[in-house]
Structure formats: structure tokens, C-alpha cells
Amino acid sequence: MPWPRRLSRLWPWLVIIAPAVILLVEMIPLLVSVPCLDAWSFVQQYQHLVEDRYSWEAFLAPHYVHPSIVGKLIYFAVLHFLGGNVAVLPILSWLFSALIAFSVYRLAGPLWRSDGERPALSRWHATVLLTCVTAVIFTAAQGEVWIWDFVFQNFIPGTCLALGTWLLHREGQVRFHDLALASALSLLAICSFGTGFFVPAFLGLILIWRLHGTGSPWGKIGLIAAAWWLAHGVVAWLALTAHGGEDSGLEAGTIFERPLMRLQFVLIVLGNILGKGTTFEPETLCAIAGAVLLATFLASLFYLWRRRQDCRLIQAAFPWIIFGLYGLSSAVLISLGRMHNSLDNALDERFATFDVFFVFGTLLLVAVVLRHACVHRAPFASSLPALVPAAVTLFVALLAVNWANGHNLMKVKFSRMNQERALLMFARVMPLNEEWMDARVTRKSAFRLAAFLADRGKLRDVVFAKDRNIKSFKQGKETGGKWARLDPPVALEEGGWRLSGLGGLAVDNAADLILVTAQPAEGSGIEEIAALTAPQLQQHFYERAKLVRMHPEYYLGWEQTLHDEMLPPGPVTLKAYVLDQDKQTVHPIKGVYRLERDHPHAVSEG
């Protein structure tokens, strides 16, 4: 094949996969090789496994209400065979998304056909469309999902649905090995996450359509479909009702409560990746975006219903209908389990993993409908040359804004994970910091489990402190008082002192950890670390540099209660340091104070 022709075929795909490559480049520097939040529950189960204290009931038990057998197997394998390098799990999430994208590309083959258009123009339209689809699948708007080691499980059902749809949505007789693979993917989805039971449900619809296309009698189709749904339904019921979960699940009486609020919640979830990062209220903008997408999806279905006798049209649209229904069903299920009394949960980045299916499914469904409308000169086709470019421009702009917002959220999550990694350095020499754990919802078992992993060489990038002596760390230069300082301690009526200050190395660089030290005031004793704390970063920390400069107390401020038993007897001198955990260096910060223990309110500068 001549080079010009090869290049003409290659360049569209280089453009199409560009968003996936960009995301991977953004992800890799932000990966942390230490378990985070819920992941410690899997670490604890792994400990029980290697210590021969694990049971089948615990293995089969859901995590909260989600079946997690597949997730546990993958997590245990990473801990056991990869030396605990859990930073590979976000890469696995990216690979799952790559499989979803691959399946979509294969299913979107008809979009490259000209159907009355000039071939070059048709290729250009398909390139723009599939680039948008890739940007949706790999959108950085999912934020923490791309760097958190635990949520790779969220991607498994969607990956199984995409691969199963690609296997079954073909013309001709159903081959046994395709059916067997689709069934295996369904079982994998069921045992991996709470939305997994949707996969065999929707693959069953594709199976019915395919059997109908081959001319099979409805009696045979009904029998095969019933057997398919019954077999997978039993497995789903067993997986969802297994004993030992940490959550009682959904109460049936709450399903029909507050229908308007539930509808708004669903719309927010559907518009999750398009309504953030602007000056508008994200709940409102996400709901508007979700409503527009839902109206567009329903209008497309209405168009198809009126032309349901056109088998070629329905064949082209069917996989995008399935993906859209999966995203919509997941949003409804999320609302049932997470709405409670607030809409705020709908903005959680984790839900975008399911929202993307509705967005790209609607996008591709609209493309099929519009192409058909143009070829057959539908009444509204004359307005499309002006309407479509404007809609695509707006859609791309929203994707770009939310991508930038998501990248900032990834950096916030990375900073928080680094703070927890720094905290683990002191797991052998300091007691649990209850104030830290409660404020950040950190697992209180993390200290104990970190020591377990370290003893077996499976804790990466954490060097345990040998003792609490501040001199055990390399001493760096003092930081300026603009972004880091220790304010005068405030005595509390119930006893102890309230410490506060700033904890930043720069306007956009929050400290991993603040070490508060205490030393007998006469200077004869050891200066020991008495407390650990850190700034609690706001979600918009990295996108509001001007506000950080104007209100550093809000964005870089930290607080810590210092109890009497945490200090040596007699008058003490308090200091604070910023920890650079990678260099094992501490930097003194401005503010030295003397506490008179017999006069709690007597505080003076040291």
C-alpha cells in the first residue's frame, strides 16, 4: 500500500486515541503505591488469608452492598505477586477503559461508510465523532477515579458489557463460543460490582435481537432468553445477598420517596462529566446537562420507534441504545442507594464511571439518527448544517472545562494520598491520631495493616520513622512565614491546647505533614514529636490560586488538639516543622512558644 494512502488511514486513529494518551500522561505522575481508604479493608482480608484466618464466607461477602469477588482476587494478586505495588491498579482502570473504547470502535464501523457523503467528508465526521467518544470514555472529569487504587472495580461491569455487546451484536447465526464468552463476561460482571447484574440483562436483549434477525421462531427465542436470564439471575441473587456485607442495603420503602428529588439526582448523575468546573452551581448545571442528554436520548428512541421496520437502522442503533440504557439504569440504581436526604452525593466522581456510557451512547445514537435523517431527507434535516456544528462546539467546550476541573481534582486526591502516606511513616512510633482519622475518614486499622505489609516487604514508598526524636530527620532550612507558621496555642476549658497555623510550602503546594514537637523548656530533654497534622485540602484548591493567596487560613490552615498527656512534664517549648517525606527532611516553620503547665493560659513566645 502506498505511504500516502497508509497515512490517510493512520492519522484519524492517531487523533481518535489522543485523549486516552493524554490522560495516561496525566495519570502516571500522580500514582501512589500505598492503599487508600476502603482499600485497607481488602488489605485486612489479605492479612487473614496469609495468616490462615480467612473464610469462604468473608471471601464471598459483598463490600458494603457490592459483590467484590473479582476485585478481591485482583487486589490479593497485586499484593502477593507484585510486591504490594497497588499503583498498577489505576493503570488497570485505564486498560479496562481501553477495552471499552476498542469495543466501541469495532461497533462503530458503519459510521465510516459514506452513505451518500463524500468519502473524505465521511471520514472526517467519523474522526470527530469517535474523538469525542474517546474523550468521554477517558475524561479526566472522573477525577480521583483515575488514581485511587480501589475503584478499578467500577470499570469491570462496563468493560464486560462492551465486550459482550461486540461479541453478540453481529449478523448471522449465534455461535456457541460467542454465547459462552458472553456468559462468562456476565458472570464476571455480576461478581465484580453492584451494577453487574445489568450486564446479562442487556446482553439478553441483544441476544433476542440477533436471534430474531436470523428468523428464529419466537417460541425458541423466548425459551433461550428465559434460560439466559434465569441462570444469570440466580447467580446475581446469590452474589447480592451473600452474608457478611457491611451494609444492610436498600430499604424497599424508600424507592418511591421524594420522586422529584430522585429525578433531579438522576439528572445530576447523567450530567456529571459535563456540569462542573464553571462559575455556575454544579448541581444545577449537571442537572441541565443531564436533562438535555436524556431528552435527546428519548427523542432519538422516538425517531427509531417510528421507523422500527427499518432493520438496518435498528441494527446500527441497537448497541448505542444498550449503552445508554446501562448508564441510565446505573444512575437510577445509584440514586436508590446514595441519595438519602441530599443531592450532593450525585456529584461524586466515582459515578462518572457509569455516566460515560449514557453520554457516549447518546452521542453515537444521535449520530446514527442524524445520518439516517439526512440520507432520507427528514423534515428537520435542513436545519442540521447550522445546528450540529454549534452543538458539537458546545459539547467539546464542556468536555474541555470538565477535563481541566477533573485534572485539578486528581491533584487534590494525590495530595491527600501523599498526606496519608506521610502519616504511615509514624505507624511504629506514634499512637493513632483520632482527630486525623475522623476528619479524613481514614481507616483506623491503617497503622496496624501498614506494619503488616511492611513486615512482608509489600509496603511501597514508606520509610518508617525510627523514633520520635526530631533530630533523627535531616534538618532543612526554615520556611517563610507567608505560607507556613505556628500560631499561638489557645488553652481549652476542658484541658489541653488548640494549635493552629498554616501548612504550605508555596501557594500551590500544601505540606504533606506538619510535625508538632515538644521539649522541656529548660532545653535539657529531647525534642520529640508530640502530634501530627496537615492542611485539609478543599476540592477546588488547585483551581483557585487567587483565593488561596487572599485567604490562606482557609485553604492552607491546619488545626490540632494537643492533650496534656502528649507532652513531657513541666514547662515545654512547642515548635512545628514541615515534613518532606521523600527526602526525609524537616523544615522548621515560624513560631516557637513556651507553655507553662501549671498556668494553662500562660503562653509566651519562645
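How many nonpolar, polar and charged residues are in the lining of the second largest pocket? The views below are taken from a predicted model.

**View 1. Lining of the second largest pocket, by residue class.** The lining has 33 nonpolar residues, together with 6 polar and 3 charged ones. The pocket itself has a volume of about 1600 Å³. Among the 42 lining residues, V366, L370, V388, A391 and V392 are the closest to the pocket centre.

**View 2. Helices that contribute to the lining of the second largest pocket.** At least two lining residues come from each of α7 (119-137), α13 (282-306), α15 (352-375) and α16 (384-424).

**View 3. The largest nonpolar core.** This core holds 159 residues, and F360, F426 and L515 have the most contacts inside it. Helix α15 provides the largest share of the core, with 13 residues. Another core, of 21 residues, lies apart from it; its members include A530, L562, L567 and A576.

**View 4. Surroundings of F426.** L515, like F426, is one of the residues with the most contacts inside the largest nonpolar core.

**View 5. Q45 in helix α3.** Q45 belongs to α3, which spans residues 39-50. The relative accessible area of Q45 is 15%, and the residue counts as buried because this value is under 20%. Beyond its neighbours within four places in sequence, Q45 is in contact with Y54, A58, K72 and F76.

Terms used: Residues are numbered from 1 along each chain as its sequence is written. This is a predicted model: local features need pLDDT of at least 70, side-chain atom pairs count only at pLDDT 80 or more; totals for chains, interfaces and linings use all residues. Side-chain values use heavy atoms; hydrogens and water are left out. On a 1 Å grid over the protein atoms alone, a cavity is a set of points where a 1.4 Å probe fits but cannot get out, and a pocket is an open set with protein on both sides within 12 Å along at least five of seven lines; lining residues have an atom within 4 Å of a point. Grid points are joined across faces, edges and corners, and a volume is the space filled by probe spheres set on the points. Helices (H or I, at least four residues) and strands (E, at least two) are DSSP runs, numbered from the N terminus. Ala, Val, Leu, Ile, Met, Phe, Trp, Tyr, Cys and Pro count as nonpolar, Asp, Glu, Lys and Arg as charged, and the others, Gly among them, as polar. A nonpolar core is a set of buried Ala, Val, Leu, Ile, Met, Phe, Trp, Tyr and Cys residues joined through side-chain atoms within 4.5 Å. Buried means under 20% relative accessible area, exposed over 50%, partly exposed in between (1.4 Å probe, protein chains only). Contact means heavy atoms within 4.5 Å.
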